[in-house]
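Let's take a walk through a protein model together. Have the picture open beside you and follow along as we go from one piece to the next.

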Amino acid sequence: MENGSAISALAALAHPTRLDAFRLLIRHEPDGLPTGALVEASGLSQSTFSTHLAVLAKAGLVSAEKRGRQQIQRANVSALVALMTFLAKDCCQGRADLCEPLLAELICC
């Protein structure tokens with residue numbers, strides 16, 4: 001992942017509505033959620049929420065797939081992995097023992 005992509009993803013997630021929506025989509029992988037369910041969970045209007053969804057999509061964190069009459073939103077798990085790897089890759093300066101707490105937290109996933 002390049003700096004620009006990481007900054008875009010972090011900026012997209014730096015808003016409570018978008019962060020909540022992304023976390024909700026992660027919990028519903030691999031099936032995703034209909035856009036209406038995300039709108040309902042957010043408590044926002046459809047038009048306001050669609051703006052937030054567009055920011056997440058532009059950052060490559062979510063994608064939509066048409067299923068019948070519904071748009072199903074899905075989290076891009078590979079983008080999340082790339083972002084997390086980008087953030088942690090140079091951590092600990094090669095000392096794995098310093099990263100063990102982070103790895104232990106992720107193993108439960």
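This is a predicted model: local features need pLDDT of at least 70, side-chain atom pairs count only at pLDDT 80 or more; totals for chains, interfaces and linings use all residues.

**Starting at the first helix**

In helix α1 (residues 3–13), the buried residues are A6, A9, A12 and L13. "Buried" here means under 20% relative accessible area, "exposed" means over 50%, and "partly exposed" is in between, using a 1.4 Å probe and protein chains only.

Residues are numbered from 1 along each chain as its sequence is written, and side-chain values use heavy atoms, with hydrogens and water left out.

Now zoom out for a moment. The protein chain has 6 helices and 3 strands, and along the sequence they follow the pattern α-α-β-α-α-β-β-α-α. Helices (H or I, at least four residues) and strands (E, at least two) are DSSP runs, numbered from the N terminus. Along its principal axes, the C-alpha trace spans about 50 × 30 × 25 Å. Of the chain's 109 residues, 28% count as buried.

Next up is helix α2 (residues 16–27). At 1.5 Å a residue, its 12 residues should span 16 Å, and its end C-alpha atoms are 16 Å apart, which agrees. (The expected span is 1.5 Å times one less than the number of residues.) Which residues of α2 are buried? They are T17, R18, A21, F22, L24 and L25. Seen down the axis of α2, these fall within an arc of 160°, so they line one face of the helix. P16, D20 and R27 are exposed on the other side of α2.

Let's pick out T17 in α2. At 18% relative accessibility, T17 counts as buried. Setting aside neighbours within four places in sequence, T17 is in contact (heavy atoms within 4.5 Å) with L44, F49 and H52.

F49 turns up again in our next stop, a pair of helices. Helix α3 (residues 35–42) and helix α4 (residues 46–58) pack at an angle of about 105°, with their axes 10 Å apart. Axes are lines fitted to C-alpha atoms, for helices over the stretch in contact, and angles run from 0 to 180 degrees between N-to-C directions. α3 and α4 are therefore roughly perpendicular to each other; angles of 65 to 115 degrees count as that, under 35 as roughly parallel, over 145 as roughly antiparallel and the rest as oblique. Where they meet, T35, L38, V39 and S42 in α3 touch Q46, F49 and L53 in α4.

Finally, find A75 in strand β3 (residues 70–75). At 6% relative accessibility, A75 counts as buried. A75 and L61 are 14 residues apart in sequence, yet their C-alpha atoms are 5.9 Å apart in space. Beyond its neighbours within four places in sequence, A75 is in contact with F22, L25, I26, E29, L61 and V62.

Key. The expected span of a helix is 1.5 Å times one less than its number of residues. The arc is that of the directions from the helix axis to the C-beta atoms.
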